[in-house]
Amino acid sequence: MDRKDTLIDRRAVVGRNGLDALIATLRGEGYAVIGPQARDGTIVYDPIDSTADLPIGLADDQDGGRYRLVEGAPGALFGTTVGPHTWKRYLYPPRQALWSATADGAEGGFAVTVPDTAAPRYAFFGVRPCELKAMAVQDRVFGAAPDAAGRPADYTDRGYAARRAAAFIVAVNCGRPGGTCFCVSMDGGPKAEAGYDLAVTELLGDGRHDFLVEAGSERGAAVLAGLPGRRAEMRDLTMAEAALLHARTAMGREMVPGVADLLAGNLEHSRWDHVAARCLSCANCTMVCPTCFCSTVEDTTDLAGTTTVRERRWDSCFTLDFSYIHGGSIRRETRSRYRQWITHKLSTWHAQFGTSGCTGCGRCITWCPVGIDITEEARAIRDGGPSGGGGHTSRKEG
Ligand code: SF4
Ligand code: SF4
């Protein structure tokens with residue numbers, strides 16, 4: 001078999017029944033298949049049994065501080081983009097027991113139990129390219145991947161690494177961006193480039209509705225070979241490319257170039273006061289961000305005083321307690337906390353992890369109750385004055 005044949009064999013066109021067969025195959029192999037579903041007026045990631053559970057025929061309307069599910073293309077399976085959930089809730093759960101200690105009856109004696117970190121086998125179905133990139137970012141944070149020079153991490157979160165290694169990833173390329181997306185300027189999308197087992201592009205229009213499926217790994221190719229479908233042809237690839245081009249050119253926002261140096265050079269800019277006057281320090285932006293990883297550790301003792309459980313749970317750099325060090329918080333003002341968040345995310349993260357901490361998914365803009373926009377804040381700093389670009393001038397002209 002020559003290289004051309006190999007490439008063709010790694011691409012197939014399937015109908016909706018092919019995607020149902022994919023979900024059934026993964027379930028049959030023991031994976032818990034998690035996918036997008038419409039619930040409570042938004043999109044959540046929960047277990048799915050078939051494509052019938054997907055948000056069929058829906059799209060989303062997103063802007064700063066605004067999210068609505070709306071009618072989309074009839075029958076479309078992947079017409080919505082990202083909602084408030086991220087895959088990190090499965091790889092890096094919001095609460096996780098680290099160990100527990102139980103009095104064993106002897107004077108001052110206790111037994112320590114460490115929970116089994118054996119990975120649940122997840123298949124993530126419908127992972128967007130910006131979310132794939134976010135997983136790669138968290139792989140660096142949790143030591144599950146080597147650095148750019150190939151050096152292994154000094155410390156590894158074994159639970160994260162095990163869950164990540166076991167996960168089967170079905171990515172979905174984006175045919176339309178959400179209203180707050182800016183993945184193109186963060187090199188985060190709209191096409192899945194790496195880190196997936198299978199990547200799906202929905203081909204909808206011109207009287208057809210099917211799916212181009214591409215294998216990105218050997219285990220993906222093995223699953224693809226068992227699905228009902230046909231070999232991809234040039235017309236399929238052309239249609240998929242056209243959908244991606246549409247997403248690329250319809251991107252509503254962009255990050256200013258050179259933002260890492262820009263922020264590092266403006267730590268005392270007056271814009272920090274301007275954003276602090278609006279920011280509620282509510283931490284929503286960090287909770288919905290697919291790369292944010294701040295955590296705290298909590299011990300809980302039962303009422304009898306015999307068992308204590310130590311848990312790690314998500315925290316946020318927007319809380320006062322997060323920077324509490326021997327007698328006080330070092331980031332007492334909202335100005336300091338917002339500056340910490342955005343400069344870490346877009347600037348100092350590079351030195352720490354060799355990558356940006358932002359993939360341009362837009363969640364922090366959509367789910368900020370007062371519509372603070374990370375692209376607008378960066379642009380305002382570049383443009384000088386405290387009010388900078390103001391309003392929605394961070395949206396791309398034209
Ligand atoms: S900082 Fe905002 S746009 Fe960037 S990855 Fe996090 S939530 Fe998405
Ligand atoms: S930027 Fe918005 S979402 Fe983030 S803490 Fe401030 S008000 Fe909350």
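**Notebook: sheets and ligand shells**

I began with the eight-stranded sheet, which is open, mixed in pairing and ordered β3-β2-β8-β9-β10-β11-β1-β12. β3 (42-47) and β12 (230-231) are its edges; each has a single partner strand, so one side of each lacks a neighbour in the sheet. I count two strands as paired if DSSP finds at least two bridges between them. Strands (E, at least two residues) and helices (H or I, at least four) are DSSP runs, numbered from the N terminus.

The model is predicted: local features need pLDDT of at least 70, side-chain atom pairs count only at pLDDT 80 or more, and totals for chains, interfaces and linings use all residues. Residues are numbered from 1 along each chain as its sequence is written, chains are lettered from A and ligands numbered from 1 in the order written, and side-chain values use heavy atoms, with hydrogens and water left out.

Next I looked inside the sheet. β8 (residues 122-127) and β9 (residues 168-172) run parallel, joined by four bridges. Val127 is opposite Ala171 in β9. Helix α6 (residues 218-225) lies across β1 (11-14), β9, β10 (198-205) and β11 (208-215), at about 140° to β11. Axes are lines fitted to C-alpha atoms, for helices over the stretch in contact, and angles run from 0 to 180 degrees between N-to-C directions; contact means heavy atoms within 4.5 Å.

I then turned to the four-stranded sheet. It is open and antiparallel, in the order β7-β6-β14-β13. β7 (110-113) and β13 are the edge strands, each pairing on one side only. The twist averages 20° from one strand to the next. Seven bridges link β6 (residues 95-103) to β14, and Trp99 faces Arg310 in β14. Seven bridges also join β13 (residues 295-301) to β14 (residues 307-314), again antiparallel. Ser295 has Trp314 as its bridge partner in β14. β13 and β14 make a hairpin with five residues between them, and Gly305 in the turn has a positive phi of about 75°.

Last, the ligands. I found 13 residues around ligand 1, with Cys289, Cys358, Cys361, Gly362 and Cys364 nearest; near means a heavy atom within 4 Å. α11 (334-353) and α12 (363-366) each give two or more residues to this shell. Ligand 2 is also surrounded by 13 residues, the closest being Cys279, Leu280, Cys282, Cys285 and Cys368.
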